[in-house]
Amino acid sequence: MSHPAKKSLGARTLVFPAPAWVIGSYDPQNKPNVMTAAWGGICCSRPPCVGVALRQATYTHGNLIAKRAFTVNVPSEKFLKETDYFGMVSGRNTDKFAATGLTPLGSDLVDAPYVAEFPLVLECQVRHVNELGLHTLFVGEIMDVKADESVLGEDGLPMVDKVRPLVYGPEVRTYHGLGPILGRAFAAGRDLI
């Protein structure tokens with residue numbers, strides 16, 4: 001059976017999906033700030049760490065350098081407008097919390113705020129800073145995960161279908177929700193072993 005050749009699109013940031021995360025930080029005057037970031041993911045299990053890559057031009061970049069802390073706020077689908085807005089304006093001259101009516105809460109573990117209304121939050125201490133080019137990769141050790149009780153399953157862990165996270169389509173610039181569970185990890189492929 002012949003397979004058609006794939007079309008080359010060149011070296012681009014095309015991988016689906018990317019997270020639609022909201023990164024929380026304090027500026028040097030302790031004003032809470034948030035920005036939307038799609039370049040991120042879990043990067044270590046022990047210690048639990050997450051990586052987020054930010055352009056040096058962003059206000060949040062300077063905040064993370066100064067405070068060595070951030071939060072990863074996972075917005076649910078109902079916060080589409082706020083999440084998009086957080087990526088459109090700069091915290092240098094805008095109070096994004098005041099503009100959206102969302103509530104900043106200070107972490108008791110790291111020097112960063114989180115969004116009270118978002119269902120899932122990771123509180124992170126910056127452990128590594130790597131200059132990559134246009135972006136800087138901040139690796140944060142996850143000090144705690146906070147979740148609304150309404151999104152927890154019987155096992156006490158957040159459930160994707162209850163969190164209903166937004167995801168992002170890089171370069172095509174689209175937001176999406178996630179569909180139903182298709183199968184269980186380390187079980188769906190068992191028949192092929």
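Modeller: Two points before we start. This is a predicted model, in which local features need pLDDT of at least 70 and side-chain atom pairs count only at pLDDT 80 or more, while totals for chains, interfaces and linings use all residues. Residues are numbered from 1 along each chain as its sequence is written, and side-chain values use heavy atoms, with hydrogens and water left out.

Colleague: Which strands pair with S6?

Modeller: Two strands pair if DSSP finds at least two bridges between them. S2 (residues 21–26) runs antiparallel to S6 and is joined to it by 3 bridges; there, Gly-24 stands opposite Thr-71. S9 (residues 120–131) is also antiparallel to S6, over 6 bridges, with Val-121 opposite Asn-73.

Colleague: What is the strand order in the sheet?

Modeller: The order is S3-S2-S6-S9-S10-S5-S4, 7 strands in an open, antiparallel sheet. S3 (32–37) and S4 (40–44) stand at the edges with a single partner strand each, so one side of each has no neighbour in the sheet. On average, neighbouring strands are turned by 35 degrees against each other, direction ignored. Between S9 and S10 (residues 135–147), which run antiparallel, there are 11 bridges; one of the pairs is Val-126 with Gly-140.

Colleague: Which helix packs on this sheet?

Modeller: Contact means heavy atoms within 4.5 Å. Axes are lines fitted to C-alpha atoms, for helices over the stretch in contact, and angles run from 0 to 180 degrees between N-to-C directions. Helix H1 (residues 59–67) packs on the sheet and touches S2, S3, S5 (49–55), S6, S9 and S10; its direction makes about 55 degrees with that of S2.

Colleague: Where is Leu-178 found, and what does Leu-178 touch?

Modeller: Leu-178 lies in the segment after strand S12 (174–176). Its relative accessibility is 40%, so Leu-178 counts as partly exposed. Leaving out residues up to four places away in sequence, Leu-178 touches Glu-77, Val-160, Pro-165 and Val-167.

Conventions
Helices (H or I, at least four residues) and strands (E, at least two) are DSSP runs, numbered from the N terminus. Buried means under 20% relative accessible area, exposed over 50%, partly exposed in between (1.4 Å probe, protein chains only).
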